[in-house]
Amino acid sequence: MDKNLTWHTSSITKYQRAKLKNQKPCVLWLTGLSGSGKSTLANALEKRLFELGFHTYLLDGDNIRHGLNKDLGFDETSRVENIRRIGEVCKLFVDAGIIVIGAFISPFKKEREMVRELFEKGEFVEIFVDTPLEICEKRDPKGLYKKARSGEIKNFTGIDSPYEKPEAPEVHIISEKLEENVGMIMGILTKREYSV
């Protein structure tokens, strides 16, 4: 880090911002294969939280790559940097007192742990959307698996690039029932008293 840089501390704290919003900020990090249903679940979850009066923001992997990370490819080094940047953005949202919902393949355990370490204990909730590869490939909503199988796309997670499953996620989603899955995540938030 440049020795000429100095961290500027704000007069208003994360806790004051959260209290104003009557909530505890956190990151709800949805991970899973392409086509697993992460984005659909993240959207339904945000809608539920919004209806209940929570202050949220949804970050989606494809959307991030349209702007902030449009300069990154899909090789392993770029994927690591993609997740690093996203983690830093999530940290800013949490500092602002927001409940941030992230939907990212985030295939490598080390990078997910790197993001977790940016936060205080309990602020990072890992949600593993555990949809089997054969179901994701059958759904193939963007036609990406077909392209990966034909060799048009290289380094595709689940085909020629690994996905390291979370070993102890806070939430393990195996059902395809959307409302049930939203309810399961809401249950964790209630248990952890995410409304102040």
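Modeller: Let us begin with D130, which is buried, with a relative accessible area of 18%. The model is predicted, and the cut-off for buried is under 20% relative accessible area.

Biologist: With which residue does D130 meet in a salt bridge?

Modeller: The general idea comes first. Side chains of opposite charge can pair when their charged atoms come close. Here the side chains of D130 and K165 meet in a salt bridge, at 4.0 Å from N to O. The pair links distant parts of the chain, 35 residues apart: D130 belongs to the loop between β4 and α6 (133-139), and K165 to the loop between α7 and β5. K165 counts as exposed, at 53% relative accessibility.

Biologist: How many salt bridges does a search of the whole structure find?

Modeller: The search finds 15. One of them joins R116 to E126, with the closest N and O atoms 3.7 Å apart. R116 lies in helix α5 and E126 in strand β4 (residues 124-129), so this pair ties together parts that are 10 residues apart in sequence. E126 counts as buried at 4% relative accessibility, whereas R116 is partly exposed at 21%.

Biologist: Which other residue forms a salt bridge with R116, and how far apart are the closest N and O atoms?

Modeller: E170 does, and the closest N and O atoms are 2.8 Å apart. Since E170 lies in the loop between α7 (144-150) and β5 (171-173) while R116 lies in helix α5, the pair ties together parts that are 54 residues apart in sequence. E170 counts as partly exposed, at 23% relative accessibility. These residues belong to a network of salt bridges that links R112, E113, R116, E126 and E170.

Biologist: How should I read the backbone angle phi?

Modeller: Most residues other than glycine have a negative phi, and most peptide bonds are trans. In this model, S106 has a phi near 35°, a positive value in a residue other than glycine. S106 lies in the loop between β3 (99-103) and α5, and counts as buried at 3% relative accessibility. N155 also has a positive phi, of about 60°, although it is not a glycine. N155 lies in the loop between α7 and β5, and counts as partly exposed at 34% relative accessibility.

Biologist: Finally, what volume does the largest pocket have?

Modeller: Rolling a probe the size of a water molecule over the atoms shows where empty space is left. In this structure the largest pocket has a volume of about 670 Å³. It is lined by 29 residues, of which S34, D62, I105, K142 and L144 are the closest to its centre.

Biologist: Which helices each supply at least two residues of that lining?

Modeller: Among them are α2 (38-51), α3 (61-66) and α4 (76-95). By residue type, the lining divides into 11 nonpolar, 11 polar and 7 charged residues.

Methods: Residues numbered from 1 in each chain as written. Predicted model: local features only at pLDDT ≥ 70, side-chain atom pairs only at ≥ 80, totals over all residues. Heavy atoms only, no water. 1 Å grid on protein atoms, 1.4 Å probe; cavity = no way out; pocket = protein on both sides within 12 Å on 5 of 7 lines; lining within 4 Å. Points joined across faces, edges and corners; volume = space filled by probe spheres on them. Helix = DSSP H or I, 4+ residues; strand = E, 2+ residues; numbered from the N terminus. Nonpolar A, V, L, I, M, F, W, Y, C, P; charged D, E, K, R; others polar. Buried < 20%, exposed > 50% of the residue type's maximum accessible area, 1.4 Å probe, protein only.
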